[in-house]
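Please look at the chain below, and keep both its sequence and its fold in view as you read on.

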Amino acid sequence: MSKTIGNELYCRSCEYEVRTEHREFECPKCGSGDVCNNSFITCDCGTTVYLDRFTNQCDGCGKLYNNFGQELAPPEEWDPDDRIEAIGL
(Lines give C-alpha, C1' and ligand atoms only; values in the text may rest on other atoms or scores of the structure.)
Protein backbone atom coordinates (compact mmCIF):
# COMPACT_ATOMS: atom_id res chain seq x y z
CA MET A 1 0.00 0.00 0.00
CA SER A 2 1.30 3.46 -0.90
CA LYS A 3 1.60 6.23 1.62
CA THR A 4 0.58 9.81 0.91
CA ILE A 5 3.45 11.58 -0.81
CA GLY A 6 4.21 15.14 0.18
CA ASN A 7 6.58 17.66 -1.34
CA GLU A 8 9.02 20.06 0.21
CA LEU A 9 9.52 23.13 -1.92
CA TYR A 10 12.55 25.37 -1.61
CA CYS A 11 12.87 28.56 -3.68
CA ARG A 12 16.46 29.43 -4.52
CA SER A 13 15.47 33.04 -5.30
CA CYS A 14 13.71 34.10 -2.09
CA GLU A 15 14.59 31.10 0.15
CA TYR A 16 10.91 30.35 0.79
CA GLU A 17 10.31 26.84 2.16
CA VAL A 18 6.99 25.02 2.45
CA ARG A 19 5.59 21.49 2.64
CA THR A 20 2.71 20.91 0.26
CA GLU A 21 0.62 18.10 -1.21
CA HIS A 22 1.38 19.18 -4.76
CA ARG A 23 4.57 19.49 -6.71
CA GLU A 24 5.09 23.18 -7.45
CA PHE A 25 6.97 24.52 -10.46
CA GLU A 26 6.89 28.16 -9.37
CA CYS A 27 7.41 29.70 -5.96
CA PRO A 28 4.03 30.66 -4.45
CA LYS A 29 5.70 33.60 -2.69
CA CYS A 30 7.80 35.30 -5.41
CA GLY A 31 6.78 33.48 -8.62
CA SER A 32 10.32 32.32 -9.45
CA GLY A 33 10.73 29.10 -11.39
CA ASP A 34 14.03 28.39 -9.63
CA VAL A 35 12.57 25.89 -7.16
CA CYS A 36 13.64 22.54 -5.79
CA ASN A 37 11.03 19.90 -4.91
CA ASN A 38 11.78 16.93 -2.65
CA SER A 39 9.14 14.20 -2.42
CA PHE A 40 8.73 12.46 0.93
CA ILE A 41 6.50 10.20 3.00
CA THR A 42 6.11 9.76 6.72
CA CYS A 43 7.06 6.23 7.79
CA ASP A 44 4.92 4.31 10.30
CA CYS A 45 7.58 5.12 12.91
CA GLY A 46 7.14 8.88 12.29
CA THR A 47 10.41 9.47 10.43
CA THR A 48 10.42 11.50 7.20
CA VAL A 49 11.70 9.38 4.29
CA TYR A 50 12.78 11.24 1.16
CA LEU A 51 11.92 9.45 -2.09
CA ASP A 52 14.97 10.39 -4.12
CA ARG A 53 16.11 6.91 -5.17
CA PHE A 54 14.69 3.66 -6.50
CA THR A 55 15.02 2.21 -2.98
CA ASN A 56 14.73 4.53 0.05
CA GLN A 57 15.42 3.40 3.61
CA CYS A 58 13.86 4.86 6.75
CA ASP A 59 16.57 6.07 9.12
CA GLY A 60 14.27 5.41 12.07
CA CYS A 61 13.25 1.77 11.64
CA GLY A 62 14.99 0.52 8.48
CA LYS A 63 11.86 -0.10 6.37
CA LEU A 64 12.39 0.19 2.63
CA TYR A 65 10.20 2.14 0.22
CA ASN A 66 10.26 2.63 -3.53
CA ASN A 67 10.10 6.08 -5.13
CA PHE A 68 6.27 5.87 -5.17
CA GLY A 69 6.07 5.50 -1.37
CA GLN A 70 5.24 1.78 -1.45
CA GLU A 71 6.82 -0.36 1.27
CA LEU A 72 9.18 -3.02 -0.08
CA ALA A 73 9.90 -6.49 1.25
CA PRO A 74 13.27 -6.99 2.98
CA PRO A 75 16.14 -7.45 0.47
CA GLU A 76 16.70 -11.06 1.50
CA GLU A 77 13.25 -11.85 0.02
CA TRP A 78 14.03 -10.23 -3.36
CA ASP A 79 14.96 -12.12 -6.50
CA PRO A 80 18.80 -12.08 -6.66
CA ASP A 81 18.86 -10.24 -10.03
CA ASP A 82 16.47 -7.53 -8.78
CA ARG A 83 18.46 -7.11 -5.57
CA ILE A 84 21.71 -6.44 -7.44
CA GLU A 85 20.05 -3.79 -9.65
CA ALA A 86 18.23 -2.05 -6.75
CA ILE A 87 21.12 -1.74 -4.32
CA GLY A 88 23.81 -1.21 -6.93
CA LEU A 89 26.03 -4.23 -6.37
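In strand β6, Asn 66 is the bridge partner of Thr 55. The model is predicted, so local features need pLDDT of at least 70 and side-chain atom pairs count only at pLDDT 80 or more, while totals for chains, interfaces and linings use all residues. Residues are numbered from 1 along each chain as its sequence is written, and side-chain values use heavy atoms, with hydrogens and water left out.

That bridge belongs to the antiparallel pairing of β5 with strand β6 (residues 64–66), which runs over three bridges; two strands count as paired if DSSP finds at least two bridges between them. Strands of a sheet pair through backbone hydrogen bonds, either parallel or antiparallel. Here three strands, in the order β5-β6-β7, form an open sheet with antiparallel pairing. Because β5 (55–57) and β7 (71–72) stand at the edges with a single partner strand each, one side of each is left without a neighbour in the sheet.

Another strand, β3 (residues 35–42), holds Phe 40. Is Phe 40 buried or exposed? Phe 40 counts as buried because its relative accessibility is 8%, and buried means under 20% relative accessible area, exposed over 50%, and partly exposed in between (1.4 Å probe, protein chains only). Buried residues make up 27% of the 89 residues in the chain. Although Phe 40 and Thr 4 are 36 residues apart in sequence, their C-alpha atoms are 8.6 Å apart in space.

Methods. Helices (H or I, at least four residues) and strands (E, at least two) are DSSP runs, numbered from the N terminus.
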